[in-house]
Amino acid sequence: MRPEPARIEPIFSPRIWGARSLAPLYPEKINLQEPLGEAWLTGVDCRLANGPFEGKTLGEAWREMPVEWRGTRLASTTHFPLLVKFIFPNDKLSIQVHPDDAYAAAHEQAAGGRGKSEMWHTVSAESGARVLVGLKPGADKEKFLRSLAAHTLENLFQAHEVKAGDTFFVPAGTPHTIGPGMTLCEVQEYSDLTYRVYDYGRVDARGKPRELHIQKALDVIQFGKAAGGKVSQIRLPAQKLHRSLLAACRYFATERWKDFGALETQSDADHFDLLVVLTGNGDFSWNGGLAKYQSGHCWFVPASLGPFAFHPEEPTKILRTYMPDLLALRASLQQEGHSEQEIAKSVFD
């Protein structure tokens, strides 16, 4: 089976806080009848649009993929490991938190038993857009419960103004919420476990409030431990493009590629890559193949693909995300001359 890049078709998910236009990422998705909040780019029910697995879901294809597609380190991985989404909030998301792997394994086997650490990269943002990530110093469980009862929970959070290009890391156990007026690309451990703490009194289409998970949230929130928030990018060596490491942990590493003309690069036999097109369009070529790319696309690049290239027709920004060898990544950054302090701002245990 000859490796070739496969485009993954997104699945769009309605959300009570979503938007009725997903332009410019998806210019055909405007004047929507119901608000869409998320585009799942690598859900296991997403289908592949081309190649030997065309028409199959990502979950089906993953089970059949040989090591040449998966990568040598992922040969025995049973579940697809990375969930990538676009998020389109037109209202605040609920205040929420995600469990770590240990808690999920003990309490959430029916939901997959995996925790959820994530990062957000800001594709676009209006003036005044903000996110809340983590609690202020001194915000213990008692203060949290009092503020929850008084509907003043937001006052306990670290607030961050958001601009296009900003990146935030949100490890499991860090309470958070996303405000309106932005589009985010979220990269996360493959899990859909969310414990909703506060939902601003909203009701669904049937007039009922959404379920809250306060006790589970209290179990997993890391009170007294500062974690997550805005991260610093690390410039990576590259010719003819601006290449930055946005954030990395043991579940994912994500880079941004921008400011390039014709870009030639190659795959890594250790792991597959996911390439998410944030802006632009043009040609995507590899040995024996050629396709068009455009904003909103997500491509699965097999580990043994070899050389491939982008030829932009419009200025292009791409996120590359993959499953890293974190020790090797740290060592590589050190060899490139980055200090431990600099690395610690973008690479997390």
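View 1. Leu-83 stands opposite Gln-188 in β11, in a predicted model whose local features need pLDDT of at least 70, with side-chain atom pairs counted only at pLDDT 80 or more and totals for chains, interfaces and linings using all residues. Residues are numbered from 1 along each chain as its sequence is written, and side-chain values use heavy atoms, with hydrogens and water left out. Strand β4 (residues 82–87) is joined to β11 by six bridges, and the two run antiparallel; strands are DSSP runs of E of at least two residues, numbered from the N terminus, and two of them pair if DSSP finds at least two bridges between them.

**View 2. Strand β11 and its pairing with β6.** Eight of the eight residues of β11 (residues 182–189) are buried, so this strand is largely enclosed by the rest of the structure, where buried means under 20% relative accessible area (1.4 Å probe, protein chains only). Strand β6 (residues 118–125) pairs with β11 over seven bridges in the antiparallel sense, and Met-182 in β11 is the bridge partner of Ala-125.

**View 3. An open sheet of four strands.** The strands follow the order β17-β22-β19-β20, with antiparallel pairing. At the edges lie β17 (263–266) and β20 (289–294), each of which pairs on one side only, while the twist from one strand to the next averages 25°, the axes being lines fitted to C-alpha atoms and the angles running from 0 to 180 degrees between N-to-C directions.

View 4. Six bridges connect β19 (residues 281–286) with β20 in the antiparallel sense, and Ser-285 stands opposite Leu-290 in β20.

Definitions and conventions. Buried < 20%, exposed > 50% of the residue type's maximum accessible area, 1.4 Å probe, protein only.
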